[in-house]
Amino acid sequence: MEHKLFLIDNGHGIETPGKRSPDGKFLEYQYNRVIAVAVLEHLAMRGVRAELVVPEETDISLEERCRRINEACLLFGTRNTRLVSIHVNAAGNGKEWKSARGWCAYTFPGRTLADPLADCLYAAAEQLLPGHKIRKDFSDGDPDLESPFYILKHSLCPAVLTENLFMDNQEDCKFLLSAAGKKAIVGLHVKAICNYLKRYK
């Protein structure tokens, strides 16, 4: 397929405090890794070159993550490299269930080269997460939310950060832990990346 490199960042490590559901059944670092590895496997089957930013379970700093990302950019070419950082959202500190829920993706503020990839992720989320809230912000003409998150700001390549529902919402959490939920979260990332490659050759 297209000669692009997709870097998949599985957010957080085992030492990151608070990144869990209130009942302790959902651990974000663990979930992100399961999803990221499955995304890589499915992309490989489709001939898409993709690599994991953090193979370790330990909590790799944002600075080190960006160093690895930027090293890959320099080797493969920044214009040929894209980053997707996979996360799960939370409305609180992990101690009690909250009402906030839904899926969203972030890009760095302003018009960026990551916006088309974010558009593809939103389209895939609409298809594969029926009945779930899709959180959008059309104030700048596209659906993605914007924030100067460290990894979006300091990565040389276009980068999108996905927040895949809320770990401290009981309905979202139950879905995330289900086989159908994992399949949907993996599927939307794979579908979006493949559609992006077809659309933006």
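Mentor: Gladly, and keep in mind that this is a predicted model. Where shall we start?

Trainee: With the sheet. How many strands does it have, and in what order do they come?

Mentor: The sheet is open and has six strands, in the order β2-β1-β3-β6-β4-β5, with mixed pairing.

Trainee: Why are β2 and β5 said to stand at the edges?

Mentor: Each of β2 and β5 (145-146) has a single partner strand, so one side of each has no neighbour in the sheet.

Trainee: How do you know that β1 and β2 are paired?

Mentor: Pairing asks for at least two bridges between two strands. Between β1 and β2 (residues 49-52) there are four, and the two strands run parallel. Leucine 5, for instance, stands opposite arginine 49 in β2. On to β3 (residues 81-89): six bridges join β1 to this strand, again running parallel. There, asparagine 10 stands opposite isoleucine 86.

Trainee: Why is β1 called largely enclosed?

Mentor: A residue counts as buried under 20% relative accessible area. Six of the six residues of β1 (residues 5-10) are buried, so the rest of the structure largely encloses this strand. Leu5, Leu7 and Asp9 point one way, Phe6, Ile8 and Asn10 point the other way, and all are buried. For β6 eight of the eight residues are buried, so β6 is largely enclosed too.

Trainee: What lies across β1, β2 and β3?

Mentor: Helix α1 (residues 28-45) does, running at about 145 degrees to β3.

Trainee: What makes leucine 165 worth a look?

Mentor: Its phi is near 70 degrees, a positive value in a residue other than glycine. Most residues other than glycine have a negative phi. Leucine 165 sits in strand β6 (residues 159-166). With a relative accessible area of 0%, leucine 165 falls under the 20% limit and is therefore buried.

Trainee: And glutamate 171: buried or exposed?

Mentor: Exposed means over 50%. Glutamate 171 has a relative accessible area of 55%, so it is exposed. This residue lies in helix α5 (residues 170-177).

Trainee: How do you know that the length of helix α6 agrees with what a helix should span?

Mentor: At 1.5 Å a residue, the 21 residues of α6 (residues 179-199) should span 30 Å, and the end C-alpha atoms are 30 Å apart, so the two agree. Buried residues in α6 include Ile185, Leu188, Cys194 and Tyr196.

Trainee: How many disulfides are there?

Mentor: The count comes to zero. Cysteine 73 is in no disulfide: the nearest cysteine sulfur, that of cysteine 157, is 3.6 Å away, whereas the cut-off is within 2.5 Å. Cysteine 120 is in no disulfide either, as the nearest cysteine sulfur, that of cysteine 194, is 10 Å away. Cysteine 73 is buried, with a relative accessible area of 1%, and cysteine 120 is buried at 2%.

Trainee: How many aromatic pairs does the structure hold?

Mentor: Five.

Trainee: What makes tryptophan 103 and tyrosine 122 edge-to-face?

Mentor: Their ring centres are 5.0 Å apart and their planes at 85 degrees, which is over 60, so the pair is edge-to-face. This pair links distant parts of the chain, with tryptophan 103 in strand β4 (residues 103-107) and tyrosine 122 in helix α3 (residues 115-128), 19 residues apart. Both tryptophan 103 and tyrosine 122 are buried.

Trainee: And which residues form an aromatic cluster?

Mentor: Phe6, Tyr196 and Tyr200 form one.

Technical notes. Residues numbered from 1 in each chain as written. Predicted model: local features only at pLDDT ≥ 70, side-chain atom pairs only at ≥ 80, totals over all residues. Heavy atoms only, no water. Buried < 20%, exposed > 50% of the residue type's maximum accessible area, 1.4 Å probe, protein only. Expected span 1.5 Å × (residues − 1). Contact = heavy atoms within 4.5 Å. Axes fitted to C-alpha atoms, helices over the stretch in contact; angles between N-to-C directions. Phe/Tyr/Trp six-rings, centres within 6.5 Å; stacked < 30°, edge-to-face > 60°.
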